[in-house]
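Some notes on the model follow, from the overall fold down to one residue.

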Amino acid sequence: KRGKARELVERALELQPRDRGGLRTYAELLVEIGDAPSCIDALERLAAEEPMSSPTGAMERAAIQLRIGHLVEEHLLKPDDALKRYRAAAEMDASNKDAWNAIRAISRQRGDRALLIESLRGLAGAESDASEKAALWRQIAKVERDERSDTGAAEKAFGEALAIDAADGE
């Protein structure tokens with residue numbers, strides 16, 4: 001059944017190669033089939049069709065990059081390539097917490113404290129809840145102090161957390 005479905009969707013895309021709905025359907029089908037490389041190609045085509053100028057287009061492209069990153073990491077087992085996709089998603093949509101969390105997960109797997117700080121800063125920037133934002137800045141401060149031995153950076157991060165907490169209390 002899936003082979004026939006793939007054939008039909010491919011035929012439809014031959015007629016309308018830029019149809020975003022068709023590309024989404026095709027990508028979903030390819031995931032079900034287990035063809036990650038072809039799914040990634042379809043998602044890249046879909047990302048190219050998203051409007052560049054609209055904010056929702058940027059958010060959609062970021063979501064697509066995040067999806068590609070997960071496929072690359074989980075199916076192709078290429079965390080370096082996945083990290084590039086996650087970073088691209090975060091650059092396209094700085095409020096995309098899933099992208100920052102994916103970067104944070106890779107930083108922890110690698111023990112890369114600089115990358116961990118980058119992801120925590122990104123999460124803090126994306127966070128709208130003041131207490132959560134302050135908690136993220138406290139995490140940054142602790143990593144700077146305890147794991148990177150950078151007391152100056154730790155003091156600045158603790159200062160950010162206190163400033164946010166004070167603003168939250170007003």
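1. The protein chain has nine helices and zero strands (DSSP runs, H or I of at least four residues for helices and E of at least two for strands, numbered from the N terminus). The model is predicted: local features need pLDDT of at least 70, side-chain atom pairs count only at pLDDT 80 or more, and totals for chains, interfaces and linings use all residues. Residues are numbered from 1 along each chain as its sequence is written, and side-chain values use heavy atoms, with hydrogens and water left out.

2. The C-alpha atoms of the protein chain fill a box of roughly 60 × 35 × 25 Å along the principal axes.

3. Helix α2 (residues 20–33) and α3 have axes that come within 8 Å and cross at roughly 160° (axes are lines fitted to C-alpha atoms over the stretch in contact, with angles from 0 to 180 degrees between N-to-C directions). The two helices are therefore roughly antiparallel to each other (an angle over 145 degrees).

4. Which residues of α2 and α3 make the contact? From α2 they are Arg20, Leu23, Arg24, Tyr26, Ala27, Leu30 and Val31; from α3 they are Ser38, Cys39, Ala42, Leu43, Arg45, Leu46 and Glu49 (contact means heavy atoms within 4.5 Å).

5. Ser38 lies in helix α3 (residues 36–49). Its side chain is joined to that of Asp35 by a polar contact of 2.8 Å (a pair of N or O atoms within 3.5 Å; within protein, one must be able to donate a hydrogen and the other to accept it, and residues adjacent in sequence count only if both atoms are side-chain atoms). Leaving aside neighbours within four places in sequence, Ser38 is in contact with Arg6 and Leu30.

Key: Angles under 35 degrees count as roughly parallel, over 145 as roughly antiparallel, 65 to 115 as roughly perpendicular and the rest as oblique.
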